[in-house]
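Hi everyone, thanks for making time for this. Let me put the structure up, and then we can walk through it together.

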Amino acid sequence: EVTLQPVDLIGVDAAIIFSDILVVPQAMGMALTVDEGVGPRFSAPIRTVQDLKRLRPVVPEEGLGYMLEAVRLARHELEGRVPLIGFDGAPWTLASYMIEGGGTKTFAVAKRMLAEHPTMAHELLDRLAHAVGQFLVAQVKAGAQVVQLFDSWAGALAPADFRAFALPYLARAARTAKSAGVPVIVFAPGAGWALEELAEATGADVV
């Protein structure tokens with residue numbers, strides 16, 4: 001219903017599936033709450049190898065089946081009036097929430113992991129790239145006609161860290177999504193300096 005309202009009331013050019021950005025970490029087994037005045041919170045953030053091991057693989061049709069059903073319903077109700085956009089958070093942005101335990105202005109805990117435990121960070125990002133890519137493909141199969149990757153916290157990383165910890169995993173997720181045969185949008189606010197690298201690495205139709 002919320003996906004359809006802007007189309008019905010304002011007449012926008014496309015509909016985007018209404019969802020929280022953190023559904024993939026939730027599907028991996030992380031307990032998510034949204035506290036008034038605080039925002040999304042993970043009560044048990046990822047800080048150790050043991051924390052990482054407790055994350056389960058994501059099977060979109062199972063752990064995210066409710067999202068895919070929402071895509072199917074929205075596509076049906078739109079009746080071809082406008083395209084339907086599916087979306088998900090990019091690996092680095094999701095990882096930062098998972099490591100910090102919620103929103104942050106400093107990214108101190110997440111950046112410390114990148115610096116002090118890069119192997120663990122890469123493993124988390126690798127798992128997220130796979131899950132996000134598969135989830136976007138599943139959204140296309142359910143009826144999404146375009147998909148978008150939000151790397152909301154891309155601007156939190158200096159160029160070297162962005163190239164090491166954000167771009168490769170964003171690119172993997174985007175190229176997996178592209179294999180589903182629909183246009184792919186990559187949104188990386190704060191990383192305008194990397195537009196050419198983003199375009200080349202992700203193969204996205206729109207940056």
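Let's begin with Lys141, which lies in helix H8. Please keep in mind that this is a predicted model. Is Lys141 buried or exposed? Lys141 counts as exposed, because its relative accessibility is 69% and the cut-off for exposed is over 50%. Now look across to Ala180: Lys141 and Ala180 are 39 residues apart in sequence, yet their C-alpha atoms are 7.8 Å apart in space.

Let's go inside next. The largest nonpolar core has 74 residues, and Val24, Met98, Leu124, Phe162 and Leu198 are those with the most contacts inside it. Which helix gives the most to this core? That is helix H8, residues 118-142, with 13 residues. As general background, nonpolar side chains in soluble globular proteins tend to be buried together.

Phe162 deserves a moment of its own. Setting aside neighbours within four places in sequence, Phe162 touches Ala154, Leu157, Leu167, Pro168, Ala191, Trp193, Ala194 and Leu198. Phe162 is also one of the buried residues of H9, along with Phe165, Ala166, Leu167, Tyr169, Leu170, Ala171, Ala173, Ala174 and Ala177. What do the buried residues of H9 pack against? Their partners are helices H6, H7, H8 and H10, together with strands S5 and S6.

While we are on helix H9, which spans residues 159-178, notice the kink of about 40° at Ala166. This kink comes shortly before the proline Pro168.

Now for the backbone. Glu79 has a phi near 55° and is found in the loop between helix H5 and strand S4. Phe107 has a phi of about 60°, and its place is in the loop between H6 and H7. How do they sit relative to the surface? Glu79 is exposed, because its relative accessible area is 67%, where exposed means over 50%. Phe107 counts as buried, because its relative accessibility is 6%, and buried means under 20%.

Last stop, the largest pocket. Its volume is about 170 Å³. Which residues line the largest pocket? They are Glu1, Val2, Thr3, Leu4, Ile17, Phe18, Ala70, Leu73, Ala74 and Glu77. Sorted by class, that lining has 7 nonpolar, 1 polar and 2 charged residues.

That's my tour, and I'm happy to go back to any part of it.

Definitions and conventions
Residues are numbered from 1 along each chain as its sequence is written. This is a predicted model: local features need pLDDT of at least 70, side-chain atom pairs count only at pLDDT 80 or more; totals for chains, interfaces and linings use all residues. Side-chain values use heavy atoms; hydrogens and water are left out. On a 1 Å grid over the protein atoms alone, a cavity is a set of points where a 1.4 Å probe fits but cannot get out, and a pocket is an open set with protein on both sides within 12 Å along at least five of seven lines; lining residues have an atom within 4 Å of a point. Grid points are joined across faces, edges and corners, and a volume is the space filled by probe spheres set on the points. Ala, Val, Leu, Ile, Met, Phe, Trp, Tyr, Cys and Pro count as nonpolar, Asp, Glu, Lys and Arg as charged, and the others, Gly among them, as polar. A nonpolar core is a set of buried Ala, Val, Leu, Ile, Met, Phe, Trp, Tyr and Cys residues joined through side-chain atoms within 4.5 Å. Buried means under 20% relative accessible area, exposed over 50%, partly exposed in between (1.4 Å probe, protein chains only). Helices (H or I, at least four residues) and strands (E, at least two) are DSSP runs, numbered from the N terminus. Contact means heavy atoms within 4.5 Å. The bend at a residue is the angle between axes fitted to the seven residues ending there and the seven starting there.
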